[in-house]
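Here is a short briefing on one protein structure. Please keep the sequence and the model in view while reading.

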Amino acid sequence: MRNYVIVICLLIAMTSKGQIKNENYSIFNPTHMKKEFFISSNSGVLNTPIGVKIGYLCNPGLYVGFRYGKGKIYNSDSDMKTISSDLFSLTGGINKPLIIKNDFKLVAQLGIGYGQWWDFRWERWTKSGYEIECGLMLQKKNFLINMTGNLLNGSKTYATEDFCLGIGYVFKSRKKSVE
């Protein structure tokens, strides 16, 4: 986890260092944010490698995310054979810009959802549970990097976590922003 924090800090430092100074700068209370639609991959590093996140960036904005993968179910009453299981996650949440500086934006996101992404489990365990996610999106021009930490909890089993990464595209609005 420490490596992830270092990578996130480096990305923030590198993208904000190269900015040109301008009056178009706001930190922790941006009011001149236009509504911008985005689409991003949303790949879980450990359990659900295929995913997509769509929504819009605004003050505040909304998003919906979906992830998919394959796991194994162990049968404890037989000879310990495994069968394949579908893993999924469906989340929704809000995002809020923290920093806007020229073509760079740092956006926080917080969401909840429902999922089943234990990479292995016994057949008598809970299949699914609620999920909480939070993270950051870094936007430079139309390019977007999506990073979230996810926690999945269910009854009769342990909580599990995953880290999701994604790259995406932001469709810029052509209308002037209201300041």
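In which strand is L138 found? L138 is found in strand 9. Strands here are DSSP runs of E, at least two residues long, and helices are runs of H or I, at least four long, all numbered from the N terminus. This is a predicted model, in which local features need pLDDT of at least 70 and side-chain atom pairs count only at pLDDT 80 or more, while totals for chains, interfaces and linings use all residues. Residues are numbered from 1 along each chain as its sequence is written, and side-chain values use heavy atoms, with hydrogens and water left out.

**Around L138**

- L138 is buried, at a relative accessible area of 4%.
- Buried means under 20% relative accessible area, exposed means over 50%, and partly exposed lies in between (1.4 Å probe, protein chains only).
- The C-alpha atoms of L138 and I99 are separated by 9.7 Å. Along the chain, L138 and I99 are 39 residues apart.

**Salt bridges**

- The structure holds five salt bridges. A salt bridge is a side-chain nitrogen of Lys or Arg within 4 Å of a carboxyl oxygen of Asp or Glu.
- One of them joins the side chains of K172 and E36, at 3.9 Å from N to O. K172 lies in the segment after strand 11 (160-171) and E36 lies in strand 2 (residues 36-41), so this pair ties together parts that are 136 residues apart in sequence.
- K172 counts as partly exposed, at 33% relative accessibility. E36 counts as buried, at 2%.
- A network of salt bridges links E36, K105 and K172.
- E131 forms a salt bridge with R67, and their closest N and O atoms are 3.2 Å apart. This pair links distant parts of the chain: E131 is in strand 9 (residues 129-140) and R67 is in strand 5 (residues 61-74), 64 residues apart.
- Both E131 and R67 are buried.
- K70 and D86 also meet in a salt bridge through their side chains, at 2.7 Å from N to O. K70 lies in strand 5 and D86 in strand 6 (residues 82-101), so the pair ties together parts that are 16 residues apart in sequence.
- K70 is exposed, with a relative accessible area of 53%. D86 counts as partly exposed, at 40% relative accessibility.

**Nonpolar surface patch**

- Nine residues are listed in a nonpolar patch on the surface: F37, I39, V52, I54, V64, F66, L90, Y169 and F171. Together they have about 770 Å² of accessible area.
- Patches are made of residues with over 30% relative accessible area and no salt bridge; like charges are joined within 9 Å, and nonpolar side chains (Val, Leu, Ile, Met, Phe, Trp, Tyr) within 5 Å.
- Accessible areas come from the Shrake-Rupley method with a 1.4 Å probe; for residues, only the protein chains shown count as cover.
- Strand 2, strand 4 (50-57), strand 5 and strand 11 each supply at least two residues of the patch.
- F37 is found in strand 2. F37 is partly exposed, with a relative accessible area of 41%.

**Aromatic rings**

- The structure holds three aromatic pairs. Rings of Phe, Tyr and Trp (its six-membered ring) pair if their centres lie within 6.5 Å; planes under 30 degrees apart count as stacked, over 60 as edge-to-face and the rest as tilted.
- Y169 and F171 form an edge-to-face pair, 4.9 Å centre to centre and with 75° between the planes.
- Y169 counts as partly exposed at 41% relative accessibility. F171 also counts as partly exposed, at 41%.
- Ring pairs link F37, Y169 and F171 into a cluster.
- The charged end of K35 sits over the ring of Y56, 4.7 Å from its centre. For this, NZ of Lys or CZ of Arg must be within 6 Å of the ring centre and within 35 degrees of the ring normal.

**Backbone features**

- Most residues other than glycine have a negative phi, and most peptide bonds are trans.
- The peptide bond from N59 to P60 is cis, with omega near 0°. P60 is found in the loop between strand 4 and strand 5.
- N102 is not a glycine, yet has a positive phi of about 55°. N102 lies in the loop between strand 6 and strand 7 (104-116), and counts as buried at 19% relative accessibility.
- K141 has a positive phi too, near 55°. K141 lies in the loop between strand 9 and strand 10 (143-153), and is partly exposed, with a relative accessible area of 48%.
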